[in-house]
Amino acid sequence: MNTYEIIKNLSMQRKISIAELERTLNLSNGSISKWAKNSPNAKYLEKIADYFGVSVDYLLGRTEKQTESRQQTINEAIETAMANDGKELDQHDKDVIKSLIEAYLDNKK
């Protein structure tokens, strides 16, 4: 499995399209799809690894194990969070909450 296929699988697990992932991470439209044939840039791989809470080695297919990280734990918590009316949070609210949690944890170090 190549890097593109791994990212596609991770996206499907998170119920996010490749296009939405590109927008969320401020990547150019279609850039991830190009990785099906070309090697990605390391800085983009780091952004994607952080987003999904996996290692860059996992994205490159060098390891089969997805290591849980702080980022993955935060993402999972946000995905299960609900608004006070019991509805799912929209992406903007999720991003705001994620930023607040990350800032809080960074200040605790």
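Helices (H or I, at least four residues) and strands (E, at least two) are taken here as DSSP runs, numbered from the N terminus. The structure is a predicted model, in which local features need pLDDT of at least 70 and side-chain atom pairs count only at pLDDT 80 or more, whereas totals for chains, interfaces and linings use all residues. Residues are numbered from 1 along each chain as its sequence is written, and side-chain values use heavy atoms, with hydrogens and water left out.

Pockets were considered next. Rolling a probe the size of a water molecule over the atoms shows where empty space is left. On a 1 Å grid over the protein atoms alone, a cavity is a set of points where a 1.4 Å probe fits but cannot get out, while a pocket is an open set with protein on both sides within 12 Å along at least five of seven lines; lining residues have an atom within 4 Å of a point. Grid points are joined across faces, edges and corners, and a volume is the space filled by probe spheres set on the points.

The volume of the largest pocket is about 280 Å³. Its lining comprises 16 residues, of which Tyr51, Glu79, Gln91, Lys94 and Asp95 are the closest to the centre. At least two lining residues come from each of helix 2 (18-24), helix 5 (70-80) and helix 6 (91-108). Helix 6 gives the largest share, with 6 residues. Sorted by class, the lining holds 9 charged, 4 polar and 3 nonpolar residues. In this scheme Asp, Glu, Lys and Arg are charged, Ala, Val, Leu, Ile, Met, Phe, Trp, Tyr, Cys and Pro are nonpolar, and the others, Gly among them, are polar.

Lys94 is part of helix 6. Its relative accessible area is 6%, so Lys94 is buried (buried means under 20% relative accessible area, exposed over 50%, partly exposed in between, with a 1.4 Å probe and protein chains only). When neighbours within four places in sequence are left aside, Lys94 is in contact (heavy atoms within 4.5 Å) with Ile78, Glu79, Glu88 and Leu89. Ala77 belongs to helix 5 and, because its relative accessibility is 44%, Ala77 counts as partly exposed. Between Ala77 and Lys94 the separation is 17 residues in sequence and 10.0 Å in space, C-alpha to C-alpha.

Helix 1 (residues 3-14) consists of 12 residues and reaches 17 Å from its first C-alpha to its last, close to the expected 16 Å at 1.5 Å a residue. The expected span is 1.5 Å times one less than the number of residues in the helix. Buried residues in helix 1 are Thr3, Tyr4, Ile6, Ile7, Leu10, Ser11 and Arg14. They lie on the same side of helix 1, because they cover an arc of only 165 degrees around the axis (the arc is that of the directions from the helix axis to the C-beta atoms). Met12 and Gln13, on the other side of helix 1, are exposed. Thr3, in helix 1, counts as buried because its relative accessibility is 9%. Apart from neighbours within four places in sequence, Thr3 is in contact with Pro40, Leu45, Leu59 and Leu60.

Two loop residues remain to be described. Lys15 is in the loop between helix 1 and helix 2; although not a glycine, Lys15 has a positive phi of about 60 degrees. Its relative accessible area is 77%, so Lys15 is exposed. Asn26 is in the loop between helix 2 and helix 3 (42-52), and its phi is positive, near 55 degrees, in a residue other than glycine. Asn26 counts as exposed because its relative accessibility is 68%.
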